[in-house]
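Here is a short report on one protein chain. Please look over the sequence and the structure first.

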Amino acid sequence: MTRSPADLMRVNLLEVFNEPDPDRRAAVIAENYAEEVVWHEPDRIIHGRTELARRAAELRAENPDWIFRPAGPAAGLDDIGHLGFRYGPADGQPSVVSGMDIARTRNGVIIELYTIVTEIRQPS
């Protein structure tokens with residue numbers, strides 16, 4: 001089954017970056033990202049599935065009680081998908097980080113991912 005760009009954006013946010021189990025996260029990454037995926041973060045560029053999985057695990061470890069939430073619906077047009085996000089405490093406190101993920105896709109997998117951070121607030 002080939003996923004649409006909007007489907008891939010939901011998987012990216014909810015099944016990769018919110019996934020606490022490293023084996024499950026690795027399986028989702030293998031299914032939904034190109035082997036040589038490139039992820040552009042605000043302060044670095046990540047190359048390949050292995051490094052993407054490592055960085056996702058780092059983010060989980062940095063703030064284990066925080067989660068990503070969609071900030072509106074995922075959308076796609078042709079081979080581009082996007083989804084706004086909020087990141088912060090899971091206990092209902094306000095989000096600390098807001099931004100958007102934008103991805104280029106090909107043949108039902110993400111080949112390039114851009115994370116744009118639009119706001120960072122101090123945690124409550």
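## A proline between two helices

Leaving aside neighbours within four places in sequence, P20 is in contact with R25 and R60. P20 sits in the loop that runs between α1 (5-16) and α2 (22-32). The model is a predicted one. P20 counts as exposed, because its relative accessibility is 55% and the cut-off for exposed is over 50%.

P20 can also be placed against A56. These two residues are 36 positions apart along the chain. Their C-alpha atoms are separated by 9.6 Å.

## Overall architecture

The protein chain holds three helices and seven strands. Their order along the sequence is α-α-β-β-α-β-β-β-β-β.

How does the radius of gyration compare with that of a compact globule? For 124 residues, a compact globule would have a value near 14 Å, and the protein chain has 14 Å, so the two agree. The C-alpha trace spans about 40 × 30 × 25 Å along its principal axes.

## Burial, surface and charge

Of the 124 residues, 43% count as buried. The accessible surface of the protein chain comes to about 6,700 Å². Carbon and sulfur atoms hold 53% of that surface.

Among contacts with a separation of 6 or more, 44% join residues 24 or more positions apart. The side chains include 14 positive and 20 negative ones. The centres of these two sets lie 2 Å apart.

Strand β6 (residues 97-106) pairs with strand β5 (residues 80-89) in the antiparallel sense, over eight bridges. In this pairing, I80 stands opposite R104 in β6.

β6 also pairs with strand β7 (residues 109-120). This pairing is antiparallel as well and runs over ten bridges. Here R106 stands opposite V109 in β7. β6 and β7 form a hairpin, with two residues between them.

## Two residues with positive phi

Which residue in the hairpin turn has a positive phi? It is N107, with a value of about 50°. N107 is not a glycine. N107 lies in the loop between β6 and β7. N107 is exposed, because its relative accessible area is 71% and the cut-off is over 50%.

D78 also has a positive phi, near 55°, and is a residue other than glycine. D78 is in the loop between β4 (75-77) and β5. At 72% relative accessibility, D78 counts as exposed.

E112 is found in strand β7. Is E112 buried or exposed? E112 counts as buried, because its relative accessibility is 13% and the cut-off for buried is under 20%.

What is E112 in contact with, leaving aside its neighbours within four places in sequence? The list is V37, V38, H40, I102, A103 and R104. Among these, R104 is the residue that stands opposite I80 in the β5 and β6 pairing. H40 is 72 residues from E112 in sequence. In space, the two are 7.8 Å apart, C-alpha to C-alpha.

Note on methods: Residues numbered from 1 in each chain as written. Predicted model: local features only at pLDDT ≥ 70, side-chain atom pairs only at ≥ 80, totals over all residues. Heavy atoms only, no water. Helix = DSSP H or I, 4+ residues; strand = E, 2+ residues; numbered from the N terminus. Rg over C-alpha atoms; globule rule 2.2 N^0.38 Å. Buried < 20%, exposed > 50% of the residue type's maximum accessible area, 1.4 Å probe, protein only. Contact = heavy atoms within 4.5 Å. Areas by Shrake-Rupley, 256 points an atom, 1.4 Å probe, with all protein chains shown as cover. Lys, Arg positive; Asp, Glu negative; His and termini not counted. Charge placed at Lys NZ, Arg CZ, Asp CG, Glu CD. Pairing = 2+ DSSP bridges.
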